[in-house]
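Thanks for coming. I have one chain to go through today, and I will keep it short.

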Amino acid sequence: MAGKYKVYLVMGVIERDGYTLYCTVLFFDAQGHYLGKHRKLMPTALERIIWGFGDGSTIPVFDTPIGKIGAAICWENKMPLLRTAMYAKGIEIYCAPTADSRDVWQASMTHIAVEGGCFVLSANQFCRRKDYPPPPEYVFSGTEEDLNPESVVCSGGSVIISPSGTVLGGPNYDGEALISADLDLGEIARAKFDFDVVGHYARPEVLSLIVRDHPTDPVTFTSSSPSSSTKTEISQKL
């Protein structure tokens, strides 16, 4: 799809690695090439009994012809140190997919745009009760009895915000929609002139951040093919 329509695509998936699931964002360039992924660092609430935890090896910011693109997922956008790591990588187009349609989410998105001196693109779903399986397969706990098939269960709120905090598109609460805006990357330089959280406004001798960006695999092997010597030994014994 990205290659067909010549667009950069940032999309959410549930990723399976072995027997573990991750909440993940995938990145594709305008030729349809896969660039990489970000795994959610901290699943929220009951998500933790379903999804694994990401690590510092998947906090990418991709340098593309349209700007430096990265993403954080839903409530991990509230993690100041994660945001700071992305600011340090020079993020310019900050993608924030979410499931939070509350007004307070809009405040968070505005804050991130101003804090990071970046454009924030936050996409949220708009869905009605009929878009989900019926009870008892799927139940909206505490509200199910008040819902009908047309009831809105997530009202959207997708929005595009400039580095100055100006809303360029949205927030949309009216239904499924495509919102767009022209981004002037010169606004980033103007915003950074006033406030650069990892540049001239930083105080590294007082406050600093260390990001462990290597994979945190539970098992590592010192050889490239750990099973080869074992197989040889078994064949000799046989």
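First, the basis. This is a predicted model, in which local features need pLDDT of at least 70 and side-chain atom pairs count only at pLDDT 80 or more, while totals for chains, interfaces and linings use all residues. Residues are numbered from 1 along each chain as its sequence is written, and side-chain values use heavy atoms, with hydrogens and water left out.

The chain has 5 helices and 11 strands; helices are DSSP runs of H or I of at least four residues, strands are runs of E of at least two, and numbering goes from the N terminus. The C-alpha trace spans about 70 × 55 × 40 Å along its principal axes. Of the 238 residues, 37% are buried, where buried is under 20% relative accessible area, exposed is over 50%, and partly exposed is in between, with a 1.4 Å probe and protein chains only. On contacts, meaning heavy atoms within 4.5 Å: of those between residues at least 6 apart in sequence, 54% join residues at least 24 apart.

From the record, an unreviewed UniProt entry annotates residues 1-185 as "domain: CN hydrolase". Such annotations may be inferred rather than shown by experiment, and positions are given in the numbering used here. That stretch is 15% helix and 31% strand, with its end C-alpha atoms 26 Å apart.

Now helix α2, residues 80-88. Which of its residues are buried? They are L82, R83, A85, M86 and Y87. These buried residues pack against four elements: the strands β4 (61-64), β5 (67-71) and β6 (93-95), and the helix α3 (103-116). Just after α2 comes G90, with a positive phi of about 80°.

Next, the two loop positions. A177 sits in the loop between β11 (167-172) and α4. Is A177 buried or exposed? A177 counts as exposed because its relative accessible area is 56%. Between A177 and G54 there are 31 Å in space, C-alpha to C-alpha, and the two are 123 residues apart in sequence.

What does D196 touch, leaving aside neighbours within four places in sequence? Its contacts are then Y201 and A202.

That is the tour; I can take questions now.
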